[in-house]
Amino acid sequence: MNVVVPAPVSIIKVLGVADDELLPRLAEAGLTFTADEARRVADLLGRDPTVVEANIFNTMWSEHCSYKSSRKVLGEYLPTEGVGVVLGPGEDAGIVRLATVNGKSYCIAIAHESHNHPSQVVPNEGAATGIGGIVRDVYCMGADVIGVLDPLRFGDPTGKNAERTKEIVHGVVEGIWQYGNALGVPNLGGDVYFDSSFDENCLVNVVALGLVVEDEIIRSRIPVEARDTDYDVILVGKPTDPSGFGGATFASRVLDEERALDDKYAVQVPDPFLKRMLAVATRDVLKLARDKGVAIGFKDLGAGGIACATSELGAAAGLGVRIDLSKVIVAEDDLKPEVIACSETQERYSFVVPRELSPEVLRIYNEVFDLPEICHGSGASVIGEVIQEARFILEHEGAVVCDARTEEITAGICYVRESRPREFTPKECVLPDGLDARGVLLKVLGAVNVASREHIYRHYDSEVKGSTVVRPGEADAGVIAPIPGVGVGVAVACDGNPFYGAVDSYQAGAVAVAESVRNVAAVGAHPIALTDCLNFGNPEVPEVVHDFVEAVRGIGDAARGIGLKDSGEPIPVVPGNVSFYNQSSGGSAVLPSPIVCCVGRLVDVSRHLTMGLKAGGNSIYLLGRRTAKLGASALLRTVGGDQVAPVPEVDFDDERRMMVAVTDIAESGLAASCHDISDGGVAVALAEMVLSSPEDDPVGARVSVQRLSAAETGASGAASGTTHDLELLFSEAGGYLLEVAIGHEERLLNILEDRGVWYSRIGTTVAGGGLSFTETADRDFSLSAKELARPWTDGATEVMR
């Protein structure tokens, strides 16, 4: 008879230890606790923690997992509920209703995360595993993933760190396309900005969408049935290895370039082919559970690995789990129990299923899909069981290495951080003398933050699955028709101008919402949900906290002020993410960067709009007043000027009126094309509409600059104090440009009048391409399509060489 002799259990001595001795001891153990946090763990346990417990609490109480500096702020300002919300924040993904078809309620599951630090250190793997993780979050809700997006922020490609920036851009883009394309999920868009504040901290945000029938949603919790029936815990996927160990805490500290080599081991290793096979096999497992009518729990293994996933499954249900780490299949011998518990090895899931179902689940993964042969050591195995007492118990080689209440692990801690405004005063915007509007437009079109992003998105497969209707570059949002044989469409767009954050964080949050809403409205969709990813510096710096609070307040106010089209309720923010510590050890923080994703519904996807002009002889209408405020604009960044000049303020009532009117117009089939106004203002928006017209039958535009400030509606008032052609042409105040056939103008104007929208008929389309401006204050000018295309096409090419 073999007798298992329990291994000795290592502890971290905390109780009765002074700070000057405790802090070095914690650092030596690789723990990022403060001394007070370590003592709090010991107090909760009533003893010194084991090494495994210390690592688990260190992970679960990190900023990345616990939201300890942001939780109260998010709860205070963001609307998260609504009639269409099925699941708000709190699980792996949020879920909103899309449409009911033949008695089935189809829903969109959406998740939004960041993978910033890993992508700075190891760009390819960091970005790839970011896509992998966000896709798993959506799969775990029982959804079929239908699209991904990737908002990106990189350093200055012309600055002192230009070569490193270009390496990061190449690595990140390669990681995204290599993983996403192999996985077979279409890339539907994103946005890209460059600035020196991102030299040492790039931002790689990722979004995934899935389609799920409402009554087939899987929850990230142990089912209530486990109170009466024995349930097993099953681990599925790659064998556990040390990769990603400490990843959550790595993402919760200031990035130190000198530690970059060590930090590589906190980055996970992707395997998109295995992920694809796991997804197919998992569909069979979910179908098995549905067919047998049994409830299961399902969760992705991300930050914190086995410890995080299984403790959260238990805590969400008020139940406990007992895990035997010795039963976890590992890729290396002699892995320490804390590594097995907290490693963030990619391509892994955890299930909780009735015990009688476990053999069939194992058979599907291990025999039907033969995972052990596809990837050595991969597969499914029972590693534990559900227990009635709400405790989290881990065993290793016969010894108990963790025993704590589940809610104590998962509840985390909460701080109210000191907040203080940054010391700066917005300055009056004074444009340099002697600027030539024609030359300025060419320079702005060629600026790296305005020029075409085709050199990036052409690497991505946007049409796999066959449901894509509008691809990146064709319109302001990506559009898909996800329900086979049904005309309902989904539009999605991500936005967030970091240069607003440098001036006014409240407006940065508000404009991220407003522009993302405009982008989905410009293709004909009305918003049904928002997500956010909030990227900021060190939350222990009071000025960073103030910027964060103001940005969240701006997002919440915009979501409420613009609202849903049909009800006027706030647009709900269903999932979200906070990424702090985007700051180098030298003290340089990224520009405050709230990034918002908007999901919209098209009632009839065949009525979608794109930005390219369609035919000569049509009218061009401007919606939305211009303003003299040019702070954070592409114009000032290009021609020189004070970047801390006041930014345009978002008028929520105007944004709502325009969104409602534009979607009414699209649904009625009254517009030929539509484009929102943002970076570069009306001038750049017009140029993009011209350049997006058909290559074999190009269409141009002739526009009166004087008409950019002339109101033609009951929503009275001219442009807000604009006196300069450049202000009218390059103001980035929100708005839309519409191309309208003459026969449709009367009905269109009725809608604009009824909705109280400020508008002006500013010109006409012309056959043959090109862009002409008349009735200028100085002299009229024209640009051929070839002249427009050269800077716009080549402006960002150098970054991708």
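Biologist: Is Asp 370 buried, partly exposed or exposed?

Modeller: This is a predicted model. A residue counts as buried under 20% relative accessible area and as exposed over 50%. Asp 370 has a relative accessible area of 32%, so it is partly exposed. Asp 370 lies in the loop between α14 (358-368) and α15 (371-374). Although it is not a glycine, Asp 370 has a positive phi of about 50 degrees.

Biologist: Which residue other than glycine has a positive phi near 50 degrees, and where is Glu 775 placed?

Modeller: Glu 775, which is not a glycine, has a positive phi near 50 degrees. Glu 775 sits in the loop between β27 (771-774) and β28 (781-783). With a relative accessible area of 40%, Glu 775 is partly exposed.

Biologist: Let us turn to a helix. Which residues of α26 (residues 745-755) are buried?

Modeller: Glu 745, Leu 748, Ile 751 and Leu 752 are buried in helix α26. These residues lie on the same side of α26 because they cover an arc of only 125 degrees around the axis. Glu 746 and Asp 754 are exposed on the other side of α26.

Terms used:
Residues are numbered from 1 along each chain as its sequence is written. This is a predicted model: local features need pLDDT of at least 70, side-chain atom pairs count only at pLDDT 80 or more; totals for chains, interfaces and linings use all residues. Side-chain values use heavy atoms; hydrogens and water are left out. Helices (H or I, at least four residues) and strands (E, at least two) are DSSP runs, numbered from the N terminus. Buried means under 20% relative accessible area, exposed over 50%, partly exposed in between (1.4 Å probe, protein chains only). The arc is that of the directions from the helix axis to the C-beta atoms.
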